[in-house]
Amino acid sequence: MFTFNSVLRFFRKIINETAQTAWILFKIMIPISIAVKIIQELNLLPYLGKALAPLMNLVGLPGETGLIWASALIVNIYGGILTYLSLAPTLSLTTAQLTILLTMILVAHTFPIELQIARKAGIKTVVMFIIRFGFALVLGFIMYKSYQLLDVFQSSAPLPQIIPQKNSTLIAWAINELQNYATILVFVFSLLTILEILKITHIIDLINKALYPMLKVLGIGKEVLPITMIGLTLGISYGGAFIIKEANEGKASRRDVFYAMTLMGLCHSMIEDTLLMVAMGGNVSGILFARIIFALLVSFLLVKATKKMSDLKFNKWFLIKN
């Protein structure tokens, strides 16, 4: 039987946990967002775009698309999309090329924030960079050769009808950032409330039992399953924040935290980001299916390759010292 006091205790707990979890994110996001804005204002992204041009050629893309990926890597997905929209009329990409580009962006983007989240979870920044950046290129190359071999999606990609508008003034940027932080607070509060209800009603145990066979095949511990599902569906920011919390509290092993962050890094925000990239003209074969299959395969092979490693060697190679 629920009483007023029990409900009050419930929401006090959720509010406290929301504040703690959101603070973990804000300490990372606020200073980095300011630094990224400075980089944009100084117009430094074209230099990174030129550096990426040879790599874009390896996956069958024109060198100019390096600027698009650079914008996504340093700013966020929307930064990459806005750059694509400005360059699209001169690029004349095929649907295959656009799908490769957008899929690579989905695997590797918003590095200043998302790599820092991984670091806060105890993972070496260079390791997560190699996993996400390196495997984005590997997936892009596989898709390039597959589309070429099958001779599919070779027609010109239509320009997207949905064009996001963005005010470039500093005041508009600041307001947009504050709106993002408010949205994060609402999301974190909602997720924590749902998770707590699922725990109280023991529904979380049923979900774990249903999904555990898949996780068992991958070799990831069931303790990180609910949080991994949050990351896969909603994104690194939300899933990563909860992973950091679990890691700090010692509720999950450091290996499982690493495996969960790897899976989430390669494939996350499957709902929102997938719909966005399909709206931009990407094909679901790469945007969704290739991304999921590739992430599961890489995670499986990585677990198999490292499962028998001693903790000393594993920690030395992949994790930050406690």
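# Exercises on a predicted model

G286 is buried, with a relative accessible area of 0%. The exercises below start from this residue and work through a model that is predicted.

**Exercise 1.** Find the helix that holds G286, and list the residues in contact with G286 once its neighbours within four places in sequence are left aside.

*Solution.* Begin with the secondary structure, where G286 is placed in helix α14, which covers residues 284-306. Next, take the burial: a residue counts as buried under 20% relative accessible area, and G286, at 0%, is therefore buried. Then collect the contacts, which, with neighbours within four places in sequence left aside, are T99, T103, M143, Y147 and R291.

**Exercise 2.** Classify the ring pairs F10 with F11 and F11 with F189, and state which helices the second pair ties together.

*Solution.* A pair of aromatic rings is described by the distance of the centres and the angle of the planes. By the rule that centres must lie within 6.5 Å, the count comes to 14 aromatic pairs. For F10 and F11 the centres are 5.1 Å apart and the planes stand at 90°, and since an angle over 60 degrees counts as edge-to-face, this pair is edge-to-face. For F11 and F189 the centres are 6.4 Å apart with planes at 15°, so this pair is stacked. Now place the second pair: F11 lies in helix α1 (residues 4-41) and F189 in helix α8 (residues 170-200), so the pair ties together parts that are 178 residues apart in sequence.

**Exercise 3.** Describe how α8 packs against helix α10, and how α4 packs against α13.

*Solution.* Take α8 and α10 (residues 225-234) to begin with: their axes are 12 Å apart and the packing angle is about 140°. The two helices are therefore oblique to each other, and their crossing is right-handed. On the α8 side the contact is made by F187, L191 and L195, and on the α10 side by P226, I230 and L234. Turn next to helix α4 (residues 77-91) and helix α13 (residues 272-279), whose axes come within 12 Å and cross at roughly 0°. These two helices are therefore roughly parallel to each other. Their meeting involves I77, Y78 and I81 in α4, together with E272, D273, L276 and M277 in α13.

**Exercise 4.** State the phi values of N43 and T110, and locate each residue in the chain.

*Solution.* As background, most residues other than glycine have a negative phi. N43, which is not a glycine, has a positive phi near 55°, and is found in the loop between α1 and α2 (45-58). T110, likewise not a glycine, has a positive phi of about 50°. The place of T110 is in the loop between α5 (95-107) and α6 (111-120), and with a relative accessible area of 11% T110 is buried.

Key:
Residues numbered from 1 in each chain as written. Predicted model: local features only at pLDDT ≥ 70, side-chain atom pairs only at ≥ 80, totals over all residues. Heavy atoms only, no water. Phe/Tyr/Trp six-rings, centres within 6.5 Å; stacked < 30°, edge-to-face > 60°. Axes fitted to C-alpha atoms, helices over the stretch in contact; angles between N-to-C directions. Parallel < 35°, antiparallel > 145°, perpendicular 65-115°, else oblique. Left-handed = near helix turned anticlockwise from the far one by under 90°. Contact = heavy atoms within 4.5 Å. Buried < 20%, exposed > 50% of the residue type's maximum accessible area, 1.4 Å probe, protein only.
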